[in-house]
Amino acid sequence: HIRQVLGRDGDLAGRKIVVSAGGTQEPVDPVRVITNRSSGKMGYALAAEAAAQGARVTLISGPVNLPTPQGVERLNVETAVQMHTAALELAPQAALFIGCAAVADYRAANAAEHKLKKTDDQDTLTLTLVKNPDIIADVAALPDGQRPFVVGFAAETQDIERYAQDKLARKGLDMIVANDVSQQGLGFGSDDNAALLLWRTSDGSDRLVAPPQPKTQLAALIVRHALTHLSLTSSGA
Ligand code: CTP
């Protein structure tokens with residue numbers, strides 16, 4: 001609370017920032033969901049850091065077990081489609097959009113109305129999945145004047161830099177934070193993280209290696225870099 005009061009006139013004073021965090025939950029039937037191991041800690045740390053620097057922060061959050069950071073407005077969603085709707089409604093008013101959520105790439109084509117029952121003659125179960133919208137790509141495709149500076153995340157288990165460069169270009173992002181989620185004690189669920197920051201420059205891209213550190217500290221570094229590049233590219237909302 002003290003940090004937020006002291007940060008009222010901070011570097012992000014008056015700026016609107018939208019952060020997505022946590023994993024989405026895609027229903028299979030009324031009692032079962034498809035989800036992932038995201039704890040939401042990185043996104044919540046980013047929202048807290050931006051608020052502590054004076055920003056007006058909206059956190060679009062999947063179901064997580066974390067308290068809402070001081071001074072942050074939180075919008076709870078469950079599915080990727082709900083997160084997509086919320087993001088496209090809020091992003092056009094924001095200077096910066098940070099897509100930290102672990103969004104399910106697919107959802108059940110037809111969630112069952114009643115609980116699926118197992119039967120004695122059924123040893124396998126086939127679910128048909130359909131693709132979810134790509135939230136951050138749609139935010140990055142907003143027209144000029146409505147498009148915030150867009151920072152994405154890339155959770156990878158191999159070839160981190162190559163996949164992250166590909167996502168930066170393919171999704172039309174301004175910056176990407178890539179991390180190796182196969183490393184024990186880092187990333188999903190843990191309090192620490194290491195990352196590779198990549199951002200676009202006029203003649204290609206540039207990079208910064210952030211060594212293992214608490215997610216709160218890494219959040220400050222990411223916000224600082226996003227702010228530097230945001231100030232270079234536009235006056236912001
Ligand atoms: N993302 C999104 N909407 C989706 C999937 C991902 O907005 N439907 C965003 C994430 O919030 C993150 C970035 O895209 O900022 C990369 O997410 P990641 O899961 O690493 O990439 P995917 O696009 O899912 O690619 P893949 O599963 O092939 O690695």
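Biologist: Is Asp159 buried, partly exposed or exposed, and what is its relative accessible area?

Modeller: This is a predicted model, and the answer is a computed value. Buried means under 20% relative accessible area and exposed means over 50%, with partly exposed in between. Asp159 has a relative accessible area of 41%, so it is partly exposed. This residue belongs to the loop between strand 9 and helix 5. Its phi is positive, at about 45°, although Asp159 is not a glycine.

Biologist: What volume does the largest pocket have, and how many residues line it?

Modeller: The volume is about 980 Å³, and the lining comprises 40 residues. Nearest the centre of this pocket lie Ala101, Ala102, Val103, Asp105 and Phe153. Two or more lining residues come from each of helix 2, strand 6, helix 4, strand 9, helix 5 and strand 10. Of the elements, strand 9 gives the most, with 4 residues.

Biologist: How does the lining of the largest pocket divide into nonpolar, polar and charged residues?

Modeller: The lining of the largest pocket has 18 nonpolar, 14 polar and 8 charged residues.

Biologist: Where does Ser39 lie, and which residues does it touch?

Modeller: Ser39 is placed in the loop between strand 3 and helix 2. Setting aside residues up to four places away in sequence, Ser39 touches Val64, Leu66, Gly189 and Lys215. Between Ser39 and Ala102 there are 63 residues of sequence separation and 9.3 Å from C-alpha to C-alpha.

Biologist: How far apart in space are Leu127 and Tyr163?

Modeller: Leu127 and Tyr163 are 28 Å apart, C-alpha to C-alpha, with a sequence separation of 36 residues. Leu127 is found in the loop between strand 7 and strand 8. With 40% relative accessibility, Leu127 counts as partly exposed.

Biologist: Which radius of gyration does the protein have, and what would a compact globule have?

Modeller: The reading rests on chain length: for 237 residues, a compact globule would have a radius of gyration near 18 Å, and the protein agrees, with 18 Å. Along the principal axes, its C-alpha atoms fill a box of roughly 65 × 40 × 35 Å. The protein has 6 helices and 12 strands.

Biologist: What share of the residues is buried, and what share of the contacts links residues 24 or more positions apart?

Modeller: Of the 237 residues, 46% count as buried. Among contacts with a separation of 6 or more, 65% are between residues 24 or more positions apart. The protein exposes about 12,500 Å², of which carbon and sulfur atoms supply 48%.

Definitions and conventions. Residues numbered from 1 in each chain as written. Predicted model: local features only at pLDDT ≥ 70, side-chain atom pairs only at ≥ 80, totals over all residues. Heavy atoms only, no water. 1 Å grid on protein atoms, 1.4 Å probe; cavity = no way out; pocket = protein on both sides within 12 Å on 5 of 7 lines; lining within 4 Å. Points joined across faces, edges and corners; volume = space filled by probe spheres on them. Nonpolar A, V, L, I, M, F, W, Y, C, P; charged D, E, K, R; others polar. Rg over C-alpha atoms; globule rule 2.2 N^0.38 Å. Buried < 20%, exposed > 50% of the residue type's maximum accessible area, 1.4 Å probe, protein only. Contact = heavy atoms within 4.5 Å. Areas by Shrake-Rupley, 256 points an atom, 1.4 Å probe, with all protein chains shown as cover.
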